[in-house]
Amino acid sequence: MPTGDLSGRVALVAGATRGAGRAMAVELGRAGAVVYVTGRTTRDAVSEVGRPSETIEETAELVTAAGAEGNGGTGIAVPTDHLEPARVRALVERIDREQGRLDVLVNSVWGGDRLIQFDTKVWDLDLAGGLRMFRLGIDTHVITHHFALPLLIRRPGGLVVEVTDGTEEFNRVYRDSLCFDITKSVPHRIAFGLAGELAEYGGTAVSLTPGFLRSEEMLDHFGVIEETWRDAIAEEPHFAIAESPALIGRAVRALAADPEKARFTGRSLSSGQLAREYGFTDTDGSQPDCFRYFEEVVRGGKDAGPEDYRVPASSSSSGTGE
């Protein structure tokens, strides 16, 4: 596990209700950060995603619990629809009022999985659903950056993480659904553009993707839980390369704590790549190399299995989580 200390830092994880967003918030809290977590599903209201069992209040509680076990971080839940500029402005004004700073912005807003129509020609797509994906996965990100970055750039060393699906290299192959393909390619360009805009302020911007993520929704899809996830491999052999949300959480923690993180600015990164860079592992002690597996085996036809791409961590890490 990364050992970087983020005590005294303030983070905003936009879209932290579940999955990768929740895991990143938890690990930032474990490292000692004050973490504001946002989303639309609360104990009193359910978003269009329709998963009432996962709330931002629960995420904040998990952040605080992790902080108690680690470096003392705390979680603060703020219900926010990031499509509403006034609410995002109010969120940032609250962070400024209460903390006076923002050091890490993780933009993980999404919620459009239910709208994806794979293997469907654009003229057969549900147009309203496709355009809604743009709103959820692109507009929310631009709105959030517009209001949050003036606070982040007050101090040098700020970090912006644009969360997406697939590395820039992996997404050079069409993702079989036009609106989804566009939506998940845009964060790479956002990170690239922000890297240029933040440079004079000493800020770093990257895009970051998990591999085959064992999110709550994915586990439900296969009828398993985290403790029994390997039971789903019989139905979907590629699931053997899947990673827990903790891996991308640990990736963000290590990156945020790295004093030399600016070397990555503008780049497309993956959780598996950063695990090898910083030397941390997934919860099972391995470093899954999801994208190399899909490139070489699934797309390339190499005679190998997922186990060949899910190896124990090497003791010769090239980076540092300090």
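Predicted model: local features only at pLDDT ≥ 70, side-chain atom pairs only at ≥ 80, totals over all residues.
Through salt bridges that share partners, R276, D289, R292, E296 and K302 are joined into one network.

## Other salt bridges

The structure holds 28 salt bridges. One of them links E226 to R214, with the closest N and O atoms 2.6 Å apart; because E226 lies in the loop between helix 6 (216–222) and helix 7 while R214 lies in the loop between strand 6 and helix 6, the pair ties together parts that are 12 residues apart in sequence. E226 is partly exposed at 26% relative accessible area, whereas R214, at 3%, counts as buried.

R263 and D258 also form a salt bridge, their closest N and O atoms being 2.6 Å apart. Here R263 is partly exposed, with a relative accessible area of 35%, and D258 is buried, with a value of 2%.

Helix 8 (residues 271–278) is largely enclosed by the rest of the structure, because 6 of its 8 residues are buried, namely S271, G272, L274, A275, E277 and Y278. The cover over these buried residues includes strand 6 (204–209), helix 7 (245–257), strand 7 (268–270) and strand 8 (286–288). Just after helix 8, G279 adopts a positive phi of about 90°.

Note on methods: Residues numbered from 1 in each chain as written. Heavy atoms only, no water. Buried < 20%, exposed > 50% of the residue type's maximum accessible area, 1.4 Å probe, protein only. Helix = DSSP H or I, 4+ residues; strand = E, 2+ residues; numbered from the N terminus. Contact = heavy atoms within 4.5 Å. Salt bridge = Lys/Arg side-chain N within 4 Å of Asp/Glu carboxyl O.
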